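The exercises below each pose a task on one structure and then work through a solution step by step. Please look at the sequence and the coordinates before reading the solutions.

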Amino acid sequence: MRQKLFLLFLFIGQVSFSQGFKTLYIEKKNVDSDNKIFKIGRAFIYDYEIIENGYNYKLNYNAGLPENKFELVKDEKDTLELKIHLLIPKVEKKERTNKNQTETYYIFEPTFSFMSQTGIVENNSNVWIHPPRSGFFAALETCPYPYVKLPIKIGKEWNDKMKIGDQWCNKKWGVWNKKLLLAYDYKITQKTKVKTDLGELDCFVIESTAKSEIGQSKLTSYFSEKYGFVRLDYELATGIKVNLWIDNLKENNNFNGYENIGKYIDKQKKTVANKL
């Protein structure tokens with residue numbers, strides 16, 4: 001019964017990147033075997049904040065596609081305490097929702113009521129991830145994707161582009177008709193130390209922009225060679241800021257099949273309940 005209920009809330013594949021990112025090198029086979037960061041069985045957990053007109057907000061409600069609705073509340077009135085879990089499962093080639101990418105699942109604490117499947121590219125040439133894009137986080141589709149070219153060198157620059165559909169529209173971050181062309185520019189600007197719940201980490205800073213007819217959005221990524229993108233500071237074209245940072249990392253999980261992911265969710269729900 002648990003598996004059936006879990007599958008009921010499953011939304012598979014939130015639109016691939018087939019219309020862009022031509023500079024991204026993607027392996028043709030064994031796409032998971034050389035991952036140093038996004039290893040099978042890892043769960044990356046992120047916290048977040050939304051800043052609009054100088055006020056900090058959280059999400060009191062956040063639903064995935066096709067509804068994709070959300071409700072913002074002032075930080076001090078937050079009762080949901082949403083966090084984002086990025087899971088790295090083991091999947092067969094025919095089950096991948098994004099060709100030749102490491103499969104990933106986003107689920108959202110504390111309700112865990114829906115899941116989105118997408119992909120990550122990690123190899124010796126680059127690391128690139130789809131951000132969460134459910135509910136309010138659909139806004140991140142209008143911003144640069146977290147992306148770093150390897151080997152890392154201060155001053156390295158690159159650019160790319162992608163088209164996205166108008167299903168990602170919202171007046172809070174931009175409205176357009178049919179397709180929106182985003183032109184990306186990236187630059188590795190410095191190396192710095194970032195304090196996280198995993199300790200103080202050496203990170204490379206990647207400054208990036210996305211220009212389009214709705215304006216310009218920005219992303220400052222803090223990339224750890226051990227833990228990946230540990231902090232992501234976004235600024236939407238409308239000026240709203242969205243910051244995500246790593247809150248925890250759980251390793252050696254069994255994410256082989258939906259039944260085992262359901263067991264992980266049950267365990268996380270118990271953890272949340274024990275905090276209340």
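**Exercise 1.** Is E52 buried or exposed, and what is its relative accessible area?

*Solution.* The model is a predicted one, and the values used here are computed from it. The relative accessible area of E52 is 17%, and buried means under 20%, so E52 counts as buried. Next, consider its partner: the side chains of E52 and K172 meet in a salt bridge, with 3.1 Å from N to O. This pair joins distant parts of the chain, since E52 belongs to strand β2 while K172 lies in the loop between β10 (157-165) and β11 (179-196), 120 residues apart. K172, at 25% relative accessibility, counts as partly exposed.

**Exercise 2.** Determine which residue forms a salt bridge with D32, and where in the chain the two partners lie.

*Solution.* As a starting point, side chains of opposite charge can pair when their charged atoms come close. The structure holds eight salt bridges, and in one of them D32 is paired with R96, the closest N and O atoms being 2.9 Å apart. D32 is in the loop between β1 and β2, whereas R96 is in the loop between β5 (83-87) and β6 (102-109), which places the partners 64 residues apart. Both D32 and R96 are buried. A further salt bridge joins R133 to E141, whose closest N and O atoms are 3.3 Å apart, and here too both R133 and E141 are buried.

**Exercise 3.** Classify the ring pair of F21 and Y147, and then that of Y184 and Y186.

*Solution.* A pair of aromatic rings is described by the distance of the centres and the angle of the planes. There are 20 aromatic pairs in the structure. For F21 and Y147 the ring centres are 5.8 Å apart and the planes stand at 75°, so the pair is edge-to-face. F21 is found in the loop between β1 (10-11) and β2 (43-52) and Y147 in strand β9 (residues 147-149), so that this pair links parts of the chain 126 residues apart. Both F21 and Y147 are buried. For Y184 and Y186 the centres are 6.2 Å apart and the planes at 50°, so that pair is tilted; Y184 and Y186 are likewise buried.

**Exercise 4.** Find which lysines lie over the rings of Y48 and Y55, and at what distance from the ring centre.

*Solution.* Over the face of Y48 lies K58, at 4.2 Å from the ring centre. Over the ring of Y55 sits the charged end of K74, 4.3 Å from the centre.

**Exercise 5.** Identify the residues that touch the most other members of the largest nonpolar core, and list the contacts of F44.

*Solution.* In soluble globular proteins, nonpolar side chains tend to be buried together. The largest nonpolar core has 67 residues, of which F21, F38, F44, I50, F136, F137 and V242 touch the most other members. Leaving aside neighbours within four places in sequence, F44 is in contact with I37, F38, I84, H85, L86, I88, Y227, I246, N248 and L249. A second, separate core has twelve residues, among them Y105, I107, M115 and I261.

Note on methods:
Residues numbered from 1 in each chain as written. Predicted model: local features only at pLDDT ≥ 70, side-chain atom pairs only at ≥ 80, totals over all residues. Heavy atoms only, no water. Phe/Tyr/Trp six-rings, centres within 6.5 Å; stacked < 30°, edge-to-face > 60°. Helix = DSSP H or I, 4+ residues; strand = E, 2+ residues; numbered from the N terminus. Buried < 20%, exposed > 50% of the residue type's maximum accessible area, 1.4 Å probe, protein only. Lys NZ or Arg CZ within 6 Å of the ring centre and 35° of its normal. Core = buried A, V, L, I, M, F, W, Y, C linked by side-chain atoms within 4.5 Å. Contact = heavy atoms within 4.5 Å. Salt bridge = Lys/Arg side-chain N within 4 Å of Asp/Glu carboxyl O.
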